[in-house]
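Keep the viewer open as you read.

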Amino acid sequence: MKNLLGGKGANLAEMCSLGMPVPAGFTITTETCVEFYNNNMQYPATLKEEVDDSIAKVEKVMGMTFGDEENPLLLSCRSGARSSMPGMMETVLNIGLSSTTIPALIKKTGNPRFVYDAYRRLIMMYSDVVMEKAEGIEPKEGEGIRVQLDSMLHELKEKKGYENDSDLSTEDLIEICDAFKEKVVKVLGKPFPDDPYEQLWGGIGAVFKSWNGKRAIAYRRIEGIPDEWGTAVNVQAMVYGNMGDNSATGVAFSRNPATGENLFYGEWLVNAQGEDVVAGIRTPNPLNEATKNEQNKHLGSLEESMPVVYKELYAIQDSLERHFTDMQDIEFTIQEGKLWMLQCRVGKRTGVAALNMAMDMLQEGLIDEKSAVLRVSPNQLDELLHPILNPNTEAKAKLLAKGLPAGPGGAVGQIVFTSEDAIKVAAEGKDVILIREETNPEDVEGMRAAKGILTARGGMTSHAALVARGWGKCCIVGCDALKINLKNREVTINGEIYKEGDTFSLNGSKGAVYQGVIDTIDASENPRFVEYMTIVDKYRVLGVRTNADTPEDAANAIGFGAEGIGLFRIEHMFYGLDAEAPLSKLRKVILSDTLEQRVAAVNELEPYIREAVKGTMKVMDGKPVTFRLLDPPLHEFIPQTHEKIAELAKELNISEEEVKSRGDALHEVNPMMGHRGVRLGITYPEISQAQFRAIFEAAAQLIKEGGEPQPEIMVPVTISVRELDDQKVLCEAIHAEIEKRYGVNITYSYGTMIEIPRAAMLADEMANTAQFFSFGTNDLTQMTFGFSRDDIGGFMGDYLDKKIIDADPFQTLDQPTVGKLVEMGIKGGRNTNPKLKIGICGEHGGDPQSVEFCHRVGMNYVSCSPFRVPIARLAAAQAAIKEYE
Ligand code: PEP
Ligand code: MG
């Protein structure tokens, strides 16, 4: 249903069949939209007749006639894709108001003010959506027809001393409608159409075209929604929330979308149309007493003002939630005391809310464990693990302003005032806070680039608030203390001026804004999270390990649920803090001229390796740790500074020139394909031997200390089983020597990385010697694509923008190519040894889509960075559940 009718259309149909009050209407399918695009933007031949038939049915149900001079029916035209794209496409309301129907409607309602209010909204929406956007006109920022008409309205209100739109009299509205129409002709060169059918077809076409509007395309890129889906068009009889003080409109959620709290939650406005709530023009009222907050506690609730309607609405949201067994996001209108349901859909939520709702609904018996596991997306989990402002520092910080807490967590960054600036500054690697007057869907890319979003106007259900929440972005809206001067790129708060580039800190969970930097902390020690992950693990088949090479990272990863280390990169001990001493020994090894010198240097290096290896194995006691032999080309470690060169010269007892020339001799034109990985061990067996010795001695010592080390030795960058055999002779000899010396049995396994296509192709042979495979999909991707891992930044953006590739293959495994090699490797390996243990340790091991692939092809485990361990656990469990279903 959803694929054909779009989310909105399908759910409207569902609400109708549940007997809920839905205005009559019909849906033009997504297929029609696809046909429209395939057919050079021409409607299918039968569409007109079908629309006419459907309108006749709507007319019959509603007892009104479209375009009639006595009892006119008005229509709305709304978009609705398969997957919700809030605010990214267009809507036209009040279609059918014309010089014939206006007098009729006035006569019928006795409410000329209402009719002209609806008319001025139609002119504004129609000229913007149909006559400007759908025609592909791109005015400069601030010069669009909507902005121009809006400022005319502002001017009129200012002139008359009005505060709200509702202060406008009938005469004012008539005056503004005429002025609007004149302006439309002047700006767009065409009159606003007076024919109801012309308006309707304009609306339908504009909705179709908005599928390919800029912001819809940008949103689809970010959310990975296919361009081919198209949107449906929902044509429905209009109902009015702006017919006086017993009319209203609102947006609600069956549970709180920001926190997950099980309370009916929402916002409404009396005497208004739906766009007033979502556009964030007026600060809306709270729906009920229980959910009032600091910002809206003085405003009346629907529960209080219209108790009977509230009760009916409450019962409907309750049955919708039960029917769909998930939190519902609903839109409603009250026309002269009668409730109408305009929309329902599964509500977007923050990561925190997703977790809380999944656990609550499980406890309430609304859903089972498997559904609970599927309810939190891996990305939401990621967001849960994201930082919050340090509460201790925050308590001491001076509060600058407060707004509505629209998206949780903490964000710290430089302030910018336009979407373009947010993108630009973020591209420079800086964290930014995007400040806007009101929440505007046009800003979607800037919002994406920003760490946090702060707006002066708008409510919790405004478009941008919804979008930000969907992404788990820290977001504060409706912060009315902000006086923004866009031209000067500055904002005044309580008389103080803050300029672009100043730093703000936001607490999106509280709605608090601070000046300056507040440090952030990690939010993972949530007991609910731990409980949830226990359920997740029940359904997981795939093992999850981590890539870690320090005791600290290892401990951290265990905290996140890692079951072992899938990649300990030995070379990491030569980078970063405390690396000076071992690095100087390694340099000695590298620049040694004779075997004798090198063996002596290697012997000095070995204790350092042993300590590094031992510390991590100790933390991982009883869990496997895969040590990957030294991988990078040696010249990476050559000293560069004069001071270091002099030091090394002294140690080696040679001249500084000699140091430099030996270093230069190691230079390679293409080091990534050069003398690295196992190739080093083939040339310099003593370098491998030192590593074997360090690992086995560390293990022997730990066994003596009562530990249970489980070392695994992994040979990198292999292309042939003969490399593995060559190194294995050395490994076994040292293993035997250490066992004898310490009088202990050291169990270990010996395996290889598969990261070169040749190795994947010869996997059956590799498995004769290797007891395990670990797919190094970083290098495997590099070799498959011929894209340098280190230089990809220069052109990847162009490849993605031009859709030459669908996703960055270094982030998400390219299944048709790299994935094929992986499958080939698994098949070959398991042909030789059905029990062959297989994992992945490239970056893809923490990418949800790639984890699903790893599950499907029968790997034993994935290995990823500590922070991604919970994400991989969840992705693996979801893959298992989906496969089963
Ligand atoms: C890989 O190539 O996927 C891998 C894990 O090794 P590295 O990233 O260290 O090259
Ligand atoms: Mg590699």
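Ligand 1 is surrounded by 13 residues, and the closest of them are Arg 569, Arg 628, Gly 776, Asn 778 and Arg 789. Bear in mind that this is a predicted model, so treat each distance here as a computed value from that model.

Which atoms come up against the oxygens of ligand 1? Arg 569 puts a polar side-chain atom 2.8 Å from an oxygen atom of the ligand. Glu 755 also has a polar side-chain atom by a ligand oxygen, in this case at 3.0 Å. With Asp 779 it's the backbone that takes part: one of its polar backbone atoms sits 3.0 Å from an oxygen atom of ligand 1.

Now for the helix pairs. Start with H22 (residues 580–591) and H23 (residues 595–619), whose axes come within 8 Å and cross at roughly 160°. Angles over 145 degrees count as roughly antiparallel, and H22 and H23 are therefore roughly antiparallel to each other. The crossing is left-handed. On the H22 side, the contact uses Ala 581, Pro 582, Lys 585, Leu 586, Lys 588 and Val 589, and these meet Arg 598, Ala 601, Val 602, Glu 604, Leu 605 and Tyr 608 of H23. Sort those contact residues by class and you get eight nonpolar, four charged and no polar ones.

H24 brings His 642, Ile 645, Ala 646, Leu 648 and Ala 649 to the contact, while H25 brings Glu 656, Val 659 and Lys 660. The class count for this contact is five nonpolar, one polar and two charged residues.

Finally, jump back to H5 (residues 112–133) and H8 (residues 196–210). From H5, Leu 122, Tyr 126, Val 129 and Val 130 meet a set from H8 made up of Glu 198, Gln 199, Gly 202, Gly 203 and Ala 206. Five of the residues in this contact are nonpolar, three are polar and one is charged.

Technical notes: Residues are numbered from 1 along each chain as its sequence is written. Chains are lettered from A and ligands numbered from 1 in the order in which they are written. This is a predicted model: local features need pLDDT of at least 70, side-chain atom pairs count only at pLDDT 80 or more; totals for chains, interfaces and linings use all residues. Side-chain values use heavy atoms; hydrogens and water are left out. Contact means heavy atoms within 4.5 Å. Helices (H or I, at least four residues) and strands (E, at least two) are DSSP runs, numbered from the N terminus. Ala, Val, Leu, Ile, Met, Phe, Trp, Tyr, Cys and Pro count as nonpolar, Asp, Glu, Lys and Arg as charged, and the others, Gly among them, as polar. A residue is near a molecule or strand if one of its heavy atoms lies within 4 Å of it. A polar contact is a pair of N or O atoms within 3.5 Å; within protein, one must be able to donate a hydrogen and the other to accept it, and residues adjacent in sequence count only if both atoms are side-chain atoms. Axes are lines fitted to C-alpha atoms, for helices over the stretch in contact, and angles run from 0 to 180 degrees between N-to-C directions. Angles under 35 degrees count as roughly parallel, over 145 as roughly antiparallel, 65 to 115 as roughly perpendicular and the rest as oblique. A crossing is left-handed if the near helix is turned anticlockwise from the far one by less than a right angle, and right-handed if clockwise.
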